[in-house]
Amino acid sequence: MWYHLEEEILRSAGRRISEFETYSRAVRDENARRLRRTTGRPPILRVKRPETWELGPGHDPFHVRSKSASIAHAVRQRLKTGTYEPRRPAGFFVSKPGGGHRLVSSFEIVDEVVSLRLFRSLMKKNRAFFSARAYAYRNDRSPHDAITHVAQEFGMEQRVFVAEYDFTKFFDRISHEHLFKTIEDYRLSITPLEKRLLSAFLRTSEPFVDAVGRSEGARRRIGGIPQGTSVSLFLANLAASGLDRSLERLSVGFVRYADDTLVWRHSYSEITEAVDALHAEAARIGSPINMLKSEGVRLLVPEGTSDVEMRSTPKVAYLGHEISLRQISLKPASVRRLKTRVQQLIFANLVREPISGTQNLSRLTDLDRDYVTFIWQLRRYLYGPLSEVQVRRFQHGGVPAMTFQGAMSYFPLVNDTVQLREFDTWLASQVWLAVRKRQKILMPLTSRRPLPWNLDRLNLIHLTTVSSTTGAPVDLRLPSLGRIARAIQVGVETHGLGVVDGAQDPYLYTD
């Protein structure tokens, strides 16, 4: 547990520094773009150090990197003597997909290194203990694997009973007694030191979010697990492992991602048995079922079915997707997030300066240079580093072994062509209307009529031209959610789900 500790501390601090430097460069680039677009005084973004870095030197990677040897030595000694205790974590709030906020703990860098080592050790030794249908926080499973399994199972059915229930504050209410009883009952491989470390992380005080909170008395945690540290990912899976075994004994179909559990079965009596097991295990965990947020048992039927003998649904929501008997779609909330980002790019690049009367008219040559920047940013958001030419070629095969990036890399299995086509139609309309508005405001101010002004919607979608200075082709075709979705699907068919990054934010999919 204490070998090569300094190397891992340096690696962890270096990663944080690298991420901060990347963010800093992005802020500088955006400020430069803002200054090019305007003749006024645009709001200048400031590089902000993460607030947690200011709450203690152990959170500041620059300090930790400079003191890595002495920090590693001190922690190594405490690990050897059994006196190691993680320091009280700082905390910050993140928005929850379902609304509201979640308080996430940010442990000092060295404590997170210890936590990560503990997580990896326990998962490596006990991987066989966890159900094949538990998909959260594992390097051999991903959210996409869960979606694939559900879609394959539903694809063979004409109708099936589904049960959807939510736990009440799952991470905050997990019973510590239940965790250690599970370890003992199932004889997990765990050393005395690892057990002491688990206890130490579970006992850590609630996080403080500012300097005032840090100086106040710390309240010891008597239940729940701290969100934001690696070992909690193991503990979350451990807490619900009894539920997995109960559902497996009942031979129902299910998938579980942390506390997000979806159950299905042909027989109503069998699905209700599974619901009884769910309630029983929730009580053991310490996090009862939230009946106000739970959909309960419904009959999943084909789209358009009208006469059904009980409450029914044509699709179920799971991990940012909607899954029906025959296709996978984006959840409405996921579509809204995509549209919000697109509208932000449109406004920042095409609309803000004209309506403020601060447009830099030198940006209007044979091309509207701000429109070129907009297309580049939009493509980067939807496609990652891929060009339009590459995405169009990849739709038809020949995808190399690579990792797709961009917004759709989170949704590689979406195959709802109608939904994707509707998004692309909306996108084209929003861009065309913004160009028209920009043109209407700026035409009286300049004699130039740069592309894409005066184009109809179809020509705007397919616009390509050449640079008047270099003669090089300039590809201004509108990016398409449908095209990148199809390219990713071909990549998945060719190489498997390894073409998308399965290591997203571990709390991204949980409510």
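Which side chains meet in a salt bridge at 3.5 Å, N to O? They are those of E108 and R87, where a salt bridge is a side-chain nitrogen of Lys or Arg within 4 Å of a carboxyl oxygen of Asp or Glu. This pair links distant parts of the chain, with E108 in the loop between β2 (101-106) and α4 (109-126) and R87 in the loop between α3 (68-81) and β1 (90-95), 21 residues apart. Helices (H or I, at least four residues) and strands (E, at least two) are DSSP runs, numbered from the N terminus.

The model is predicted, so local features need pLDDT of at least 70 and side-chain atom pairs count only at pLDDT 80 or more, while totals for chains, interfaces and linings use all residues. Residues are numbered from 1 along each chain as its sequence is written, and side-chain values use heavy atoms, leaving out hydrogens and water.

E108 is buried at 9% relative accessibility, whereas R87 is exposed at 51%; buried means under 20% relative accessible area, exposed over 50%, and partly exposed in between (1.4 Å probe, protein chains only).

Within helix α7 (residues 176-185), the side chains of D185 and K181 form a salt bridge at 2.7 Å, N to O, and these residues, 4 apart, are separated by about one helical turn. D185 is partly exposed, with 47% relative accessibility.

A further salt bridge, at 2.7 Å, N to O, joins R256 and D244, and it connects strand β4 (residues 253-257), which holds R256, with helix α11 (residues 241-249), which holds D244, 12 residues apart. R256 is buried at 0% relative accessibility, and D244 is buried at 1%.
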